[in-house]
Amino acid sequence: MMRLLVSADTHIGSPIRSLALRNPDLGARLKQASRDTFVGIVDLAIAEQVDAFVLSGDLFDNGYPDLRSRVFLMTQLTRASEAGVPTVLIRGNHDALLDHNAHGDLGPNIHLLHKDAPTVEIGDAAFHGLSFDTAHVSKSFLPDYPVPVPGRRNIGLMHTSLDGAPGHDPYAPCAEQDLMGHGFDLWCLGHIHAPFERVDGSVLAVMPGIPQPRHFGERRGGTVTLVSLGDGGAEFERRTVGRLGFFECSLDLSTCSDQQEVLRKLREGLMTAQAPGRDIAVRLSTTSDRYGTELVTELASEVLDSINGVFLDKVKSVLPVSQSSADTDDLVRLMQEELTEDGFRQAALQQLEELRLAMPSEITDEFAEDRLDALLEEAIAEVSLTLHADISQ
């Protein structure tokens, strides 16, 4: 039996300035949560005494991380190495240009796989991987992967969008059927931040997801995957590791007769956001035609002062839907259908890229490609709110 801990997309050093501008305390906690989560992953690898710790790309958010981030990573991987846990890693599209050896050799038990050294053998397993050398790769890496080593378990590391995923540009796309038929026993994947697994006979592919989500568009992340490879095939188990979660709370305040009742409803709703051992960022949506966003924000902030570990991201107010708004709802439905069209999504991604280049650096993370779905959802909600407001006047 061989046991692995698989992670990817840690994005150490990812900018979180826009969240910090809205709520500095929450921004500071998210920044610390990213580091604490990675420390916790290494703790898990050591506690489980896995045979290898696998990192499938995008360790850093860019190819030029600050020295402190580099030192943090090396400290943690050295801690795993000294505990007898080797690390196998590749570069993804975000850290494609990173020179891991810029400050000297990585040392024993830390193996960076790339085109000049695509394979390393650990125990009775052969690990194969190719790193990104440029931020954008439009063709599949699979044809360039080594053939399986006879008599060994063969494990592949790949940073890929596979057949494509909502909110993700096509990076090193690879047909799932081709991947599973390459002859490896296990594929450890990265790039898509929502976790999933694929099984085809005795072959397993795992996408562990982003271990510490950075915004509300990544609510399905927060995990790593433990994999056991035995003679009977592979088994997997997701483990929750994220130290800060994201929670959306919707409350109908339209029937509240006074502010005391609003406070009671806010307290009851926000208490449900608590999660043992984790901080929680809350995005509050309220339905009311009497209590505006500014008042509800202040009331919610007061309530959260007495709820440990729960922090307010922002408040959105939604007017009650009129019974005479069928035409408006039909228009909104048509817009929602348009969002699924490939041409629309490609145009939206292009505009998102243009916005990232044009916006101040403090808020560029709000226009990351994996924020597309969340931004479109917010846009539809704002259009719906405006249309319904016009009907009610």
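The model is predicted: local features need pLDDT of at least 70, side-chain atom pairs count only at pLDDT 80 or more, and totals for chains, interfaces and linings use all residues. Residues are numbered from 1 along each chain as its sequence is written, and side-chain values use heavy atoms, with hydrogens and water left out.

Six strands build an open sheet in the order 4-3-2-1-11-12, with mixed pairing. Strands are DSSP runs of E, at least two residues long; helices are runs of H or I, at least four residues long; both are numbered from the N terminus. Two strands pair if DSSP finds at least two bridges between them. The edges are strand 4 (110-112) and strand 12 (233-240); each has a single partner strand, so one side of each lacks a neighbour in the sheet. From one strand to the next, the twist averages 20°.

Now look inside the sheet. Strand 2 (residues 52-56) and strand 3 (residues 87-90) run parallel, joined by four bridges. Leucine 55 has leucine 89 of strand 3 as its bridge partner.

Helix 3 (residues 67-82) packs on this sheet and touches strand 2, strand 3 and strand 4. Its direction makes about 125° with that of strand 4. Such angles run from 0 to 180 degrees between N-to-C directions, with axes fitted to C-alpha atoms, for helices over the stretch in contact. Contact means heavy atoms within 4.5 Å.

Which residues of helix 3 are buried? They are Ser69, Arg70, Phe72, Leu73, Gln76, Leu77, Ala80 and Ser81. Buried means under 20% relative accessible area, exposed over 50%, and partly exposed in between (1.4 Å probe, protein chains only). Their cover includes helix 2 (24-47), strand 2, strand 3 and strand 4.

Both ends of helix 3 deserve a look. Aspartate 66 caps the N-terminal end, with a side-chain oxygen 3.1 Å from the backbone nitrogen of arginine 68. After the helix comes glycine 84, whose phi is positive, near 90°.

Finally, turn to glutamate 121, in strand 5 (residues 119-122). Glutamate 121 is partly exposed, with a relative accessible area of 45%. Beyond its neighbours within four places in sequence, glutamate 121 contacts Ala126, Val149 and Arg152. Its side chain makes a polar contact with the side chain of arginine 152, at 3.2 Å. A polar contact is a pair of N or O atoms within 3.5 Å; within protein, one must be able to donate a hydrogen and the other to accept it, and residues adjacent in sequence count only if both atoms are side-chain atoms.
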